[in-house]
Amino acid sequence: MTKSKLTRRQAITAVSAGALGSFVNWSFPSFNINNSDQQKLAINGGEKVHRGSWPEWPVWDQSAEKNITGMLRSGRWWRADGEHIADFEKRYAELMGVKRCLATASGTTSLIIAQKALGVDAGDEVLVSPFTFIASYNVIFMNKALPVFVDTDPETFLMDPSKIESRITERTTAIIPVHIYGLPVDMDRVNEVAAKHNLKVIEDACQGWLGEYKGKKLGSLGYAGCFSFQNSKNLPAGEGGAIISNNEELMDKCTSLHNCGRPFGSVARTSAYPIAGINFRMQQIQALILMSQMNRIRKDADIRLANALYLDASLKDIPGIIPAKLVVENCRSAYHLYAFRYISREFNDVPKSRFMNALQAEGIPCSGGYGPQNRDGLIDEQLNSKGYKRLFSEARLKQWREENVLPGNDKLCDEAVVFTQNILLGSRSDMEDIVRAVRKIYQNRDSLKT
Ligand SMILES: Cc1ncc(COP(=O)(O)O)c(C=O)c1O
């Protein structure tokens, strides 16, 4: 099946009729050169392609104001005093198609709690994606376990399931696949290896709201899924997070752990604080903002999808531009960012940084994705610490360093270019400007040489 057929079909099944209305005229232009492409690049003093602005983010929803004012005036600001957080949890669980949701202070705290509840302990090892935000692996350090990075498939930007098994040791207890940029990890393959080795899977879906894998929402495919509602996210509330799962006992434990260890459900009241917990609670105001933001989340997701499919179909025809590949046909990215690879060889060896500067000068904001996080300085600091030297043998830490070589991830870090999600909320003509700008740079690549 050709890629454009796949994306059209995917669009037609995935995009709701409402959002599709504005995109019914599907035209996926193929790569051809016109005169405007050959104009002088903006970085060299020419006129820029995109002169307008881009949609701002976040977008305030006034419908939240009455409830927020009422709650503020009542003084019922914390979780135990009001119903808003429980309302949000119910609505988010419904949206995700799971039995339970626990709202938390952040995505980071969700990941810490989910690991604790699943038994990740000091001296354990946890497998994790390296192409990610720092929180995906510093939460492993927070639980005094060892993050072991599994190499990335540069084509998908995601944990390569074929590389998981070789990183498992007798101390491995969990896997944290990250649906980075909202792109769905191949969860069947991850779950298969996990089941074989009796490992717990915690999805880092902190960028994955409404993304889908084989008809199920991201975050609902492992033991537990963790989300972030930090301000840049597709569902924003300044700060905030959630854990979702169908496992009642696990969710009881998460609830207790995030609330100072107070009893909850199957965590019985043997004392006032029967398990060792912490305060990672959400505040009422966050839940009210989130519920108002949920008014727009489906429509926004459909607009991002339609624009991303247009970019996929258009950019792929430009030599040296390779949009992120989906792991299976039947899945849908949440598009927290739109991602593609830039192959400098095709641009006569113009470095990625110079390409991005040229694109920015054309009025298209972009950045270069994540660096090689597996070589982050904080990791060495942790491994050299007194505590880690007590927890892990010298031989194990030496082996960790020798094996921490990830060619797929290094390649991706060199090649990745991304647009933030608000760019994908632009109009069709904004998307055409993106394609026009990249084509213009390709046509004029020789003028970028320094
Ligand atoms: C992949 C990923 N994991 C974890 C987090 C942590 O979420 P928070 O910032 O809400 O703590 C983020 C947030 O940026 C993220 O993008």
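Trainee: Let's start with the ligand. Which residues come nearest to the ligand?

Mentor: Keep in mind that this is a predicted model. Of the 14 residues around the ligand, the nearest are S106, G107, T108, C206 and S228.

Trainee: Which helices each supply at least two residues of that shell?

Mentor: Look at α5 (107-117) and α6 (135-142), as each gives at least two residues to the shell around the ligand.

Trainee: And how does the shell split by class?

Mentor: Count nine polar, four nonpolar and one charged residues around the ligand.

Trainee: Next, helix packing. At what angle do α4 and α9 pack?

Mentor: Helix α4 (residues 84-96) meets helix α9 (residues 284-293) at about 40°, and their axes are 8 Å apart.

Trainee: Which residues make the contact?

Mentor: From α4, you have H84, I85, D87, F88 and R91; from α9, Q284, A287, L288, L290 and M291. By class, that contact holds six nonpolar, two polar and two charged residues.

Trainee: Now the big picture. How is the chain divided into domains?

Mentor: Domain 1 covers 3-58 + 296-370 + 412-448, while domain 2 covers 62-295. Their centres, taken over C-alpha atoms, are separated by 30 Å. The contact draws 26 residues from domain 1 and 33 residues from domain 2.

Trainee: On the domain 1 side, which element gives the largest share?

Mentor: That's α10, with four residues. By class, this side of domain 1 has 15 nonpolar, four polar and seven charged residues.

Methods. Residues numbered from 1 in each chain as written. Predicted model: local features only at pLDDT ≥ 70, side-chain atom pairs only at ≥ 80, totals over all residues. Axes fitted to C-alpha atoms, helices over the stretch in contact; angles between N-to-C directions. Contact = placed C-beta atoms within 7 Å. Nonpolar A, V, L, I, M, F, W, Y, C, P; charged D, E, K, R; others polar. Near = placed C-beta within 6 Å. Domains from an automatic or database assignment.
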